[in-house]
Amino acid sequence: QVHLVESGGGPVQPGGSLTLSCTASGTIISITDMGWYRQAPGSQRELVAIISRSGPTRYSDSVKGRFTISSDNAKNTVHLQMNSLKSEDTAGYYCSAMIRISFTSGFRNYWGQGTQVNVSA
């Protein structure tokens, strides 16, 4: 089975910074993309950032210029550097990855359990 383990969440003051990390492990043949989504209470889950194995990145407009996504392909790990945090960034952050686990199956999406980020004074 594939497991995505996240770390780095916690409380932070407005204007502060946090770095989230996520590592995929298990029966992995290959990974095409890794990224982060977030969901605040009563809101829909939304894309934060995605990075492809080849390098291209995508960000939501709300975090562009403040957050930076990066990856270490050899370690199956993705990071999200969050700077200039705002109260509206408060949410559960979920790691996502497109993973192929065997040569008889295609890629499918896997999710981590989530890590909470609370931005408040």
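Q: What is a salt bridge here?
A: A salt bridge is a side-chain nitrogen of Lys or Arg within 4 Å of a carboxyl oxygen of Asp or Glu.

Q: How many salt bridges does the search find?
A: The search of the whole structure finds 3 salt bridges. This is a predicted model, where local features need pLDDT of at least 70, side-chain atom pairs count only at pLDDT 80 or more, and totals for chains, interfaces and linings use all residues. Residues are numbered from 1 along each chain as its sequence is written, and side-chain values use heavy atoms, with hydrogens and water left out.

Q: Which residues are linked in the network?
A: R38, E46, R66 and D89 are linked by salt bridges.

Q: Take R38 and E46. What is the N to O distance?
A: R38 and E46 meet at 2.9 Å, N to O.

Q: Is E46 buried, exposed or partly exposed?
A: E46 is partly exposed, because its relative accessibility is 35%. Buried means under 20% relative accessible area, exposed over 50%, partly exposed in between (1.4 Å probe, protein chains only).

Q: And R38, buried or exposed?
A: R38 is buried, at 6% relative accessibility.

Q: What about R38 and D89?
A: Their side chains also form a salt bridge, at 2.9 Å, N to O. R38 lies in strand β4 (residues 30-39) and D89 in the loop between β8 (77-82) and β9 (91-100), so the pair ties together parts 51 residues apart in sequence. Strands (E, at least two residues) are DSSP runs, numbered from the N terminus.

Q: Where does R66 come in?
A: R66 forms a salt bridge with D89, at 2.8 Å, N to O. R66 sits in the loop between β6 (57-59) and β7 (67-72), 23 residues apart from D89.

Key: Helices (H or I, at least four residues) and strands (E, at least two) are DSSP runs, numbered from the N terminus.
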